[in-house]
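Work through the exercises below with the sequence and the model side by side, and try each task before reading its solution.

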Amino acid sequence: MKPRKNTKRVPSFRKLLRTSQIKLDNKLKNKQYKQKSAAKKYRKEQKKLREAVRDAISRKPFPLEDCKKKQVARKWEEKEEEDALPLDMMDEDDLKLMEDLAQRASFLTRDLSSNEPVHVKKRKHESVIEKYEKMPRRLQTEPEKELIHLLPIKDKSGIIPQAVEKPVLNDEEEDTEDMEEAEDLNEEPLPVLTPEEMAAQRRQKLQERKMHIAALASAILSEPDSNIKKLKELRAMLMEQDPNVAVIVRKLVMVSLMEIFKDIAPSYKIRPLTEAEKATKVKKETQKLREFEEGLVSQYKFYLENLEQTIKDWKQRKLKKSNVISLKAYKGLAEVAVKCLCELLVALPHFNFHNNIIVLIVPLMNDPSKMISELCVEAVKKLFKQDKLGYASLGVVKVISGLVRGRNYDVRPEVLKVFLHLRIKEVELQKDSEDIAPKKKFMTYKEKRKNLSRMQRKWRKAEEKLERELLEAEASESKEKKLKLHTETLNIVFVTYFRILKKAQKSPLLPAVLEGLAKFAHLINVEFFDDLLIVLHSLIASGDLSYRESLHCVLSAFHILSGQGDVLNIDPMKFYTHLYKTLFSLHAGGTNEDIGIVLQCLDVMFAKRRKQVSQQRALAFLKRLSILALHVLPNSSVGILATNRIFMQTFPRMDLLLDNESQGSGVYLPELDEPEHCNAQNTALWELHLLQRHYHPTVQKFASHLIAGAPTEGSGALPLDLSQRSATELFETYCMKGMTFNPPVASVTSRRKDTFLQMDSFVDEELNKQLQQHISETVAHKPLDFAKHLKESSLA
């Protein structure tokens with residue numbers, strides 16, 4: 001048998017087109033049916049509303065005027081009846097008309113004198129009960145079944161349309177079933193869990209939450225553009241309601257979101273789109289980028305609001321209505337929120353809402369909680385150190401200035417000390433060096449035409465174009481704009497400092513102000529120098545300052561005079577005298593830390609003003625510093641001896657103190673407070689002989705180096721690691737933190753006398769006799785004055 005041929009044909013394009021047209025018709029029918037049902041529903045609602053209005057009108061009582069009108073109408077009808085003619089006197093035509101009217105339903109109720117329709121008054125005054133009685137009864141009919149049109153079926157007879165009834169859910173039955181299930185659950189008693197089972201259940205829940213957080217975070221970080229909506233899901237976990245794991249989950253979500261925003265935030269500020277930009281058509285990639293940026297900014301804003309609300313709830317000691325978290329737990333949540341804000345402040349200074357974070361962080365620098373205060377202070381310091389442009393620094397300085405003024409200068413000193421970490425000084429120095437350096441000059445057209453050939457001119461033109469583009473690329477930020485920002489920042493800082501000096505001189509902020517002036521004094525305008533020096537000297541003379549504060553005053557004054565103050569004809573002798581007089585206030589106890597400031601003062605007073613310092617003043621300071629080196633800790637001794645080395649190398653004839661022969665007339669007066677008149681040239685540096693036997697090896701090296709005359713080369717020279725470092729650096733390098741020594745209470749005068757007598761091995765006999773005689777006279781006549789200078793300082 002021959003195989004049968006497959007007579008089935010592939011449907012033609014026209015048939016497919018007809019089928020698709022039927023599908024479109026079905027969709028249109030469904031749409032029209034929905035529109036009709038919606039219109040029908042609307043008409044029913046309007047009809048019910050009109051009926052309700054009519055009912056309200058019918059229940060309204062008639063006013064008195066209507067009643068009076070009815071009485072007048074009745075009297076008029078009675079009068080007409082009296083005047084009416086009897087029936088036997090009426091014509092036949094009139095009688096027939098009356099009989100016809102009597103057979104009608106409206107005859108008894110109609111006013112024949114009016115022209116209104118027959119049933120108008122009947123409809124007006126019809127009672128509500130009669131109206132409802134006359135309404136037709138509605139029989140319970142089956143609701144119209146809504147049909148869903150499907151794709152048609154084709155057979156031999158043609159195309160058969162298909163439709164299915166839309167399933168109708170019975171809400172009442174479902175509600176009753178839910179209620180029955182809830183009642184069954186309520187009837188069943190909850191199982192009582194042991195503490196071990198509760199702990200295991202809590203660990204399981206916590207592990208599930210952790211896995212969910214990790215999955216969401218990894219999905220967002222892998223594809224931020226596609227999974228930006230998952231940020232909302234992760235942020236929703238900040239409202240965790242399970243009291244067993246709520247605190248830990250919220251902390252984890254806070255930290256996770258903070259790390260996510262640090263990773264996916266772009267390196268530019270996202271601005272909102274304008275209406276014109278939204279209306280224009282863009283590519284798919286551009287539209288996707290816009291949606292990502294919009295979602296990122298909105299979720300970042302909500303996240304910052306959540307952190308702010310957490311801190312406010314802790315500050316105001318508020319509990320939420322749910323009472324999921326206790327007040328004690330709110331403190332931990334607030335600390336984590338502050339840490340997240342500090343990280344975002346430092347990591348995203350260029351991104352949106354940075355000023356809002358500054359407004360949140362700066363008041364917390366003055367928080368009573370030490371931990372939160374330190375976190376915010378450290379974050380602001382980091383921001384100042386890494387801010388190269390100056391926008392963020394300017395914003396923080398403005399808020400701090402407003403905070404200090406708003407709190408009436410009642411803030412922590414640490415709030416003002418953060419100004420010391422501003423990068424204004426370094427940027428200004430860099431700007432000066434760039435201005436001094438010669439700028440790149442390009443050849444003019446005449447020079448090219450004169451010195452170069454045509455081909456060389458062509459190559460030179462291309463090279464100059466490339467060089468100009470490179471110079472524009474290197475200048476990432478305009479120098480004028482940067483200088484303007486730094487000038488504005490510095491003005492706000494100085495305004496804050498001057499307000500405190502004027503209005504709050506006894507405030508605990510004064511040390512921070514003096515320290516700040518010491519750092520930025522070279523940037524102050526020359527017009528303020530005279531007034532500022534007068535204020536600083538009056539503060540020192542008042543005696544209300546501590547020793548450290550007075551040192552800051554001296555340092556500020558010499559910073560002013562060493563910068564633009566060189567042009568002023570001011571003699572700072574009173575500041576030299578004050579420092580010389582108070583050097584013996586230092587000892588190995590608590591004031592050992594102040595020696596770092598003293599070394600800075602000496603560097604500015606002598607090394608940077610060597611031409612304005614006399615030889616007598618330098619000899620007096622050299623001698624007193626050598627005595628002081630015997631009474632302090634090793635790190636301070638190293639710094640002082642390094643300063644003495646600078647003295648001997650900077651000023652001529654300092655080697656007089658290495659000789660045992662006296663120069664000129666007079667005897668050295670160690671108790672005199674005037675460095676110019678103490679006859680320091682008639683003494684010797686016998687302290688170096690004792691320091692050679694010091695237990696610290698670095699002190700021994702410096703003492704031997706100074707005895708040799710502080711040579712720069714040869715056997716007596718210092719190693720490079722010591723000679724190339726400043727006194728302040730050496731002091732900080734050999735700092736022994738936490739190690740202080742309080743001198744025992746004893747007769748300072750007698751110890752001081754024994755110390756002077758130890759110079760026998762170094763000074764000749766005649767000088768030794770003169771000094772012993774001078775000491776005995778001093779002890780006999782001025783024991784209290786001599787002890788005043790050496791109190792709490794001598795350890796020999």
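Predicted model: local features only at pLDDT ≥ 70, side-chain atom pairs only at ≥ 80, totals over all residues.

Residues are numbered from 1 along each chain as its sequence is written, and side-chain values use heavy atoms, with hydrogens and water left out.

**Exercise 1.** Find the salt bridge partner of E240 and work out which parts of the chain the pair ties together.

Solution. Begin with the criterion: a salt bridge is a side-chain nitrogen of Lys or Arg within 4 Å of a carboxyl oxygen of Asp or Glu. A search of the whole structure finds 13 of them. For E240 the partner is R209, with the closest N and O atoms 3.2 Å apart. E240 lies in the loop between α8 (230-236) and α9 (246-264) and R209 in helix α7 (residues 195-222), so the pair ties together parts that are 31 residues apart in sequence. Finally, E240 is buried at a relative accessible area of 11%, where buried means under 20%, exposed over 50% and partly exposed in between (1.4 Å probe, protein chains only).

**Exercise 2.** Describe the salt bridge between E378 and K381 and the place of both residues.

Solution. The closest N and O atoms of E378 and K381 are 3.8 Å apart. Both residues belong to helix α14 (residues 370-386), and because they are 3 residues apart there, about one helical turn separates them. E378 counts as partly exposed, at 41% relative accessibility.

**Exercise 3.** Determine how R617 and E676 meet, and whether each is buried or partly exposed.

Solution. Their side chains form a salt bridge of 2.8 Å, N to O. This pair links distant parts of the chain, 59 residues apart, with R617 in helix α26 (residues 615-628) and E676 in the loop between α27 (634-650) and α28 (687-691). R617 is buried, with a relative accessible area of 8%, whereas E676 is partly exposed at 21%.

**Exercise 4.** Work out how strands β1 and β2 are joined.

Solution. Strands pair if DSSP finds at least two bridges between them. Here 6 bridges join β1 (residues 147-154) to β2 (residues 159-165), and the two run antiparallel. I153 has I160 in β2 as its bridge partner.

Definitions and conventions
Helix = DSSP H or I, 4+ residues; strand = E, 2+ residues; numbered from the N terminus.
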